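Let's take a protein model apart with a few questions. Keep the 3D view open while you read.

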Amino acid sequence: VSPAPLVQIMNKDAFKLDMYGPGYERSQQLLLNYCFGHKHSSLLLCPTTAVSLINHSRDNKNAEYKWSDSSANKVNDKHFLMESLEQLNSDPQKLFELNSKLMFDFIATRDIEAGEEIFIDYGVEWENAWKEHTEQWEKPYGADTFIPASVMNSEKWDILLSDDPALLHHSYLCQLEPFSPEEYAENIPEEDYNANPHIEQESWPEEHRVMYADHDFLWWWPCDVVESNPENTIFRTVVYSKIEQDSHDPAVIRRFQNVPRHAIKFVNKRYHSDQHVHNAFRHYIPIDDGIFPLHWRNDYVRAEDIRLGTKNEGIDFYNMDHQQVAYEYEKT
């Protein structure tokens, strides 16, 4: 069906969110739902291909996953499946270490018809978690007031100024020319939107329209609407860099006047969509015990760490001669 290179997240706690404050400790990143894990391990494995979108069905499953037989799970005879969690951890100072070390292969378990949806079985643990969630879930207060940005854009809602308190769950994106530079400096001059014909798609080269028209990320930038005309059809905007800054203040890269309505659209603020309510379902896809390496479990104990017959008395057999070992064994 598909290969699935995996990004290893060494600690599940990396997906925890603290934005909701006390009482919401279970809030976690949405990405958790698309990663694979094990209940006895801190490790998460997140696919980098579309296999993460394969849904669950015990009755209609037509595919399964296994460790890849390719060289993705080993380099220079170093088999990553045999590595400990400490050895598997990436060194952020080494670029090679950041590459995917592990890979699943998703394979069909029977012939799959054209247009047929692909399913795998997430297992009993996931099903029980989903059942418990649906039985206990309650609609959060104020959930009915949220309108997705996609609806506001399709219905062409009126643009509010960015500092309007009514703009609680949304912010704006502004249209620029594809690959607009991210350079920023002090006292950026204001441009006239109409003086730059390269912003509008009609002026793009044909190859740009074919390649980039559907890739919104390339030509929409975060922005604020700071002023509008009385008819609310022409606006002044401030456009920000997409690159996250160390400070809380975003970097300004452009300023515009005479911006038309179609060059501005709503976007859901981060963690404000209905997918991010504090009690939304979050659970990794469990990896079957049959293929999960024992030494990746947090409760795994190496044989050399077990002092058999000593009743946990901390006797160091490794530094004793044979007579001492025999004597201590008889005592215990």
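What follows is a set of questions and answers about disulfides, strands and salt bridges.

This is a predicted model, so local features need pLDDT of at least 70, side-chain atom pairs count only at pLDDT 80 or more, and totals for chains, interfaces and linings use all residues. Residues are numbered from 1 along each chain as its sequence is written, and side-chain values use heavy atoms, with hydrogens and water left out.

Q: How many disulfides does the count come to?
A: The rule looks for a pair of cysteine sulfur atoms within 2.5 Å. C35 and C46 are joined in this way, with S to S at 2.0 Å. C174 and C223 also form a disulfide, their sulfur atoms being 2.1 Å apart. The count comes to 2 disulfides.

Q: Which parts of the chain does the pair C35 and C46 tie together?
A: Helices (H or I, at least four residues) and strands (E, at least two) are DSSP runs, numbered from the N terminus. The two cysteines are 11 residues apart in sequence. C35 lies in the loop between strand 1 (2–9) and strand 2 (36–37) and C46 lies in strand 3 (residues 44–47), so the pair ties together that loop and strand 3.

Q: What handedness does the disulfide of C174 and C223 have?
A: This pair links distant parts of the chain, 49 residues apart, with C174 in strand 10 (residues 170–175) and C223 in strand 12 (residues 220–228). The torsion about its S-S bond is about 75°, so the disulfide is right-handed.

Q: Is C174 buried or exposed?
A: Buried means under 20% relative accessible area, exposed over 50%, and partly exposed in between (1.4 Å probe, protein chains only). The relative accessibility of C174 is 3%. That makes C174 buried.

Q: In what order do the 6 strands of the open sheet stand?
A: Strands of a sheet pair through backbone hydrogen bonds, either parallel or antiparallel. Two strands count as paired if DSSP finds at least two bridges between them. In this open sheet the pairing is mixed, and the order is 5-8-1-3-2-16.

Q: Which residue is the bridge partner of K66 in strand 8?
A: Strand 5 and strand 8 pair in the antiparallel sense over 5 bridges. Within strand 8, the partner of K66 is D105.

Q: Which residue in strand 3 is the bridge partner of Q8?
A: Strand 1 is antiparallel to strand 8 (residues 102–108), with 5 bridges, and A4 stands opposite F104 there. Strand 1 also pairs with strand 3, again in the antiparallel sense, over 4 bridges. In strand 3, the partner of Q8 is L45.

Q: What is the closest N and O distance in the salt bridge of D69 with K66?
A: A salt bridge is a side-chain nitrogen of Lys or Arg within 4 Å of a carboxyl oxygen of Asp or Glu, and the structure holds 10 of them. D69 is exposed at 65% relative accessibility, whereas K66 is partly exposed at 28%. Their closest N and O atoms are 3.1 Å apart.

Q: How many residues apart are R236 and E190?
A: The side chains of R236 and E190 meet in a salt bridge, at 2.9 Å from N to O. R236 is in strand 13 (residues 234–240) and E190 is in strand 11 (residues 190–192), so we have two distant parts of the chain, and the gap is 46 residues.

Q: Is R254 buried or exposed?
A: R254 and E191 meet in a salt bridge, at 2.5 Å from N to O. E191 sits in strand 11 and R254 in strand 14 (residues 252–260), 63 residues apart. E191 is partly exposed at 25% relative accessibility. R254, at 9%, counts as buried.
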